[in-house]
Amino acid sequence: MAHPQYTLISHLLCPYVQRAIITLEEQNIAYKRIDIDLAIKPDWFKKISPLGKVPVLVIDDDTVLFESAVISEYLNEANNGTLLNNDPLKKAHQKAWVEFASHTLNNIGQLYNAPDEKSFHMAENSLNDKWKTLESHLKIEGYFNGQNFSLVDAAFAPAFRYLEVVETLTQLHFFKNVKAISHWAKLLQVRPSVKKAVSEHYPQQLMVFLTQRNSYLGLLARQYIHHQQNNNTTNSPSNHVQA
Ligand SMILES: N[C@@H](CCC(=O)N[C@@H](CS)C(=O)NCC(=O)O)C(=O)O
């Protein structure tokens with residue numbers, strides 16, 4: 001039977017999109033990715049996306065799936081994937097932790113939208129509480145379930161990646177006291193499917209996105225870029241007079 005044609009409607013930074021891409025990449029499924037601008041949603045996208053959100057998976061140009069968890073589970077099941085356990089209880093446990101990962105993304109949203117330093121640190125504390133809870137549930141070394149990469153890994157990897165950029169701006173170390181998560185995040189960072197979910201310019205793209213936020217982190221991002229531009233100008237060869 002011919003393989004369906006998959007088109008994923010995406011956004012270059014969206015962590016939920018990354019989950020779907022990681023799932024496709026893990027299973028070597030061919031797909032086309034279309035990145036859209038969420039600030040100016042195209043009419044065709046508004047027509048097909050019931051919630052106006054990405055990711056949306058278009059299958060054979062006629063069936064539309066939305067919600068990243070549903071898309072990933074479908075892709076896994078339709079391709080006899082191994083990204084979820086077959087045992088109903090173990091599978092439910094994995095899906096519960098995918099849901100937990102979504103809550104950490106909500107905390108990250110609070111972090112980058114926090115209007116001032118005080119609310120930023122409140123959001124940071126809520127996020128750190130989540131990491132402590134997660135750490136206490138991580139029993140094995142390796143991926144979430146040990147040896148086998150699963151949809152839980154695909155759900156957390158985009159959140160971990162986001163925090164690397166936040167750390168550059170704030171000097172915070174989110175995983176300083178949660179060693180198992182720190183180890184896990186490093187494993188995920190080098191996984192080919194995780195790397196492929198974003199462009200190589202992701203850190204710069206995220207930085208630009210942050211500079212546009214009217215928030216504490218937005219201010220730090222603007223200062224960071226300003227500082228870098230000044231350094232580049234000072235260090236540029238044309239500014240050094242040859243003796
Ligand atoms: N629960 C959804 C969340 C998806 C989501 O929030 N996508 C964001 C981008 S990361 C979006 O499309 N936002 C546009 C909007 O809300 O108007 C999922 O898991 O797919």
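How many salt bridges does the rule find across the interface of domain 1 and domain 2? The rule finds three. Keep in mind that this is a predicted model. The domain assignment of the protein gives domain 1 as residues 6-78 and domain 2 as residues 88-196.

**Where the two domains meet**

- The C-alpha centres of domain 1 and domain 2 are 22 Å apart.
- Domain 1 brings 11 residues to the contact, and domain 2 brings 17 residues.
- Together, the two domains bury about 1,300 Å² between them, and 58% of that area is on carbon and sulfur atoms.
- Three residues deserve a look on the domain 1 side: Arg19, Ile22 and Glu26 supply 43% of the area that domain 1 buries against domain 2, more than any other three residues.

**Polar partners and the helices behind them**

- Between domain 1 and domain 2, the count of residue pairs in polar contact is five.
- Which elements give two or more residues to the side of domain 1 that touches domain 2? They are α1 (15-26) and α3 (68-78).
- Of the elements on that side, α1 gives the most, with nine residues.

- Strand β3 covers residues 56-59. Val56 and Val58 point one way from this strand, while Leu57 and Ile59 point the other way.
- Strand β1 (residues 6-10) runs antiparallel to β3, and four bridges join the two. Within this pairing, Tyr6 stands opposite Ile59.
- Strand β4 (residues 63-66) also runs antiparallel to β3, again with four bridges joining the pair. Here the bridge partner of Ile59 is Thr63.
- β3 and β4 form a hairpin, with three residues between the strands. In the turn, Asp60 has a positive phi of about 55°.

**Backbone details to look for**

- Here is some background: most residues other than glycine have a negative phi, and most peptide bonds are trans.
- Which two residues does a cis peptide bond join? The bond lies between Val54 and Pro55, with omega at about 5°. Pro55 is found in the loop between α2 (43-48) and β3.
- Glu67 is not a glycine, yet its phi is positive, near 80°. You will find Glu67 in the loop between β4 and α3. Because its relative accessibility is 40%, Glu67 counts as partly exposed.
- Gln171 also has a positive phi in a residue other than glycine, near 65°. Its place is in the loop between α6 (151-170) and α7 (179-189). Gln171 has a relative accessible area of 62%, so this residue is exposed, the cut-off for that word being over 50%.

Key. Residues are numbered from 1 along each chain as its sequence is written. This is a predicted model: local features need pLDDT of at least 70, side-chain atom pairs count only at pLDDT 80 or more; totals for chains, interfaces and linings use all residues. Side-chain values use heavy atoms; hydrogens and water are left out. Buried means under 20% relative accessible area, exposed over 50%, partly exposed in between (1.4 Å probe, protein chains only). Two strands pair if DSSP finds at least two bridges between them. Domain bounds come from an automatic or database domain assignment. Contact means heavy atoms within 4.5 Å. Buried area is the accessible area (1.4 Å probe) that two parts lose on being put together, summed over both. A salt bridge is a side-chain nitrogen of Lys or Arg within 4 Å of a carboxyl oxygen of Asp or Glu. A polar contact is a pair of N or O atoms within 3.5 Å; within protein, one must be able to donate a hydrogen and the other to accept it, and residues adjacent in sequence count only if both atoms are side-chain atoms.
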